[in-house]
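Please open the model in your viewer and keep the selection panel at hand.

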Amino acid sequence: MLLITQTALELGFLYALVAMALFLSYRILDIADLTTDGCFVLGAAVSVTLAGAGYPILAIPAAMGAGACAGFVTAFLQTRLGVPSILAGIVTNTGLYTVNLMAMGWRSNASLLRVDTIFTLLRDTGVGGGYSDLLLAAVVTLAAGGLLVLFLGTRLGLSIRATGDNRDMVRASSVNPTFTVTVGLCISNALTALAGAMVGQYQKTVDINSGTGIVVIGLACLIIGETVLGRRTVVKGVVAAVLGSILYRFLYAVVFYTKVVPVDCLKLLTAAIVGLAIAAPSIRRWAAFQKRKLAAGRKGGT
Amino acid sequence: MLDVKSISKTFHPGTANEKKALSGLSLHLEAGDFVTIIGSNGAGKSTLLNAVAGVFYVDAGSIVLGGRDITFQPEHRRSRGIGRLFQDPLRGTAPSMTIEENLALAYLRSAKGNPFSRLSKKDRAFFRERLALLGMGLEDRMGQPVGLLSGGQRQALTLLMATLVPPQLLLLDEHTAALDPAAADKVLELTQRIVADGHITCLMVTHNMSQALTVGSRTLMMADGGIVLDLSGPERAAMTVDDLLRKFREGTGRELDNDRMLLSD
């Protein structure tokens, strides 16, 4: 039981980076960035390949750099070349499939056997004892979250936040929205790749399909967190991403061990939750309208 | 200060919706001029302001602001020197950000300042002092999201933001038209005070005929993408709303037609 809790926490912290990335792209920039799936695998592929070559620490910033490049491509397509933003993400995502195969040496999966990862390096120092994996996952994610909050309070961060809110106003404050969208997507994809890089070394393996549905799972985490915490401020949003991700992994663990629903159904369930949560305002409006129509009909005495 | 030389703009050229919005319009503004603009629907008032602000590039002609040719400068570059208010009070502010964060963004227009710097105590004190000038108590709500403010408050805040770093030119596009009368009066009074205090050159589109004659120092009347009447000095001082309507008729051969036009207060 303790082990399950620990694993859920570890995965919760690691995948929270994806939810954080989506908080930045989806909530703040108001862009549904479908680069996420491929970008997650890109981070994992770069990380596992470099760790396999003996550079587990260098692998992390390298993966983030690769993710930022993927974000740049998506941003370039939508800001400069006029590709609709959702399509821009899909185009990049499709291209990334080949890039990811390339990063893994033209194989569809790669594993780390008897080589150091950042997790084994920390374990060997003895810091954190049996909880060293959890410690590393928590420290990396909380540090990334803290830096993100600090960054969003700077002038550049403020102009990125205003871009999703009111682009006219960004232009009026002498900032080019093209620039803020690009910076925002580079950062969010660097975060997604960081998640992939950490998960890749944590699980010591990467598969070309391991990113499928990550964007929806990340959104589910964010929505779960926001339901618990509410969404007003940047700090709350980042905390919601972490909390939601941990809750999601606990939910996953419960399903996995109790088998209340088959684990294979979890993606369908997640997709349904996300679909419903995003549709909630429309459903509420529809319900209110039906209620009014019903009330009006009664009064008419037909 | 501002030199607009025979600019033209045609929207949707070569289609059934082709619309010649500006045709060879020229305009010269001295530093400190406060010019009001009136005209019928589709006369090109907003198009003129958009052309100067850089929302689109003009098809012909040139625009020079403060000695610098800005004809081909993109909008976000021009906004360093141009402040702007729209009729819709929601257009100038970011609703989910706080009052002080909005002001900090407006403050980006000052050339100094590193993109990674954060709001300092000094900035906050400065914002507070400027907000107090509005007399709306906003200085005590600096941490609240702008979305909670009324339209009049948001427009006053936008005005403050547009002039926080004094612009070379302020463009006002019927910026009081969507407000209730009390808020409109307040925002207009603030506008006059801020423009006078900062000696800001200003172009104001209005649908209020008497306002067009009493506010500022010069009045332009537009029709069919050009300027048909340019009033200033004693001639403007002696002008009444009726005279203005008659002048329009003489100038264009038809009645002034604007569905929102107010003939008096």
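Begin with the salt bridges between chain A and chain B, which number four; a salt bridge here is a side-chain nitrogen of Lys or Arg within 4 Å of a carboxyl oxygen of Asp or Glu. The model is a predicted one, in which local features need pLDDT of at least 70 and side-chain atom pairs count only at pLDDT 80 or more, whereas totals for chains, interfaces and linings use all residues. Residues are numbered from 1 along each chain as its sequence is written, chains are lettered from A and ligands numbered from 1 in the order in which they are written, and side-chain values use heavy atoms, with hydrogens and water left out.

**The interface**

Select A:Arg155 and B:Asp123: their side chains form a salt bridge, with N to O at 3.5 Å. Next, display the polar contacts across the interface of chain A and chain B, where 11 residue pairs qualify, both residues being at pLDDT 80 or more. A polar contact is a pair of N or O atoms within 3.5 Å; within protein, one must be able to donate a hydrogen and the other to accept it, and residues adjacent in sequence count only if both atoms are side-chain atoms.

Helices (H or I, at least four residues) and strands (E, at least two) are DSSP runs, numbered from the N terminus.

**The six-stranded sheet of chain B**

Move to chain B and select the open sheet of six strands, ordered S6-S7-S8-S3-S9-S10 with mixed pairing. Strands S6 (82–85) and S10 (226–232) of chain B are at the edges with a single partner strand each, so one side of each has no neighbour in the sheet. Two strands pair if DSSP finds at least two bridges between them. Within this sheet, S7 (residues 169–173) and S8 (residues 201–205) of chain B run parallel and are joined by five bridges; B:Leu171 has B:Leu203 in S8(B) as its bridge partner.

**The four-stranded sheet of chain B**

Select the open sheet of four strands, S2-S1-S4-S5 of chain B, with antiparallel pairing. Strand S1 (residues 2–11) of chain B pairs with S2(B) over seven bridges, and B:Leu2 has B:Leu29 as its bridge partner in S2(B). H1(B) also lies across S1, S2 and S4 of chain B.

Finish at B:Asp59 and B:Lys9, a salt bridge whose closest N and O atoms are 3.7 Å apart. B:Asp59 is in the loop between H1 and S4 of chain B and B:Lys9 in strand S1 of chain B, 50 residues apart.

How values were computed
Contact means heavy atoms within 4.5 Å. Axes are lines fitted to C-alpha atoms, for helices over the stretch in contact, and angles run from 0 to 180 degrees between N-to-C directions.
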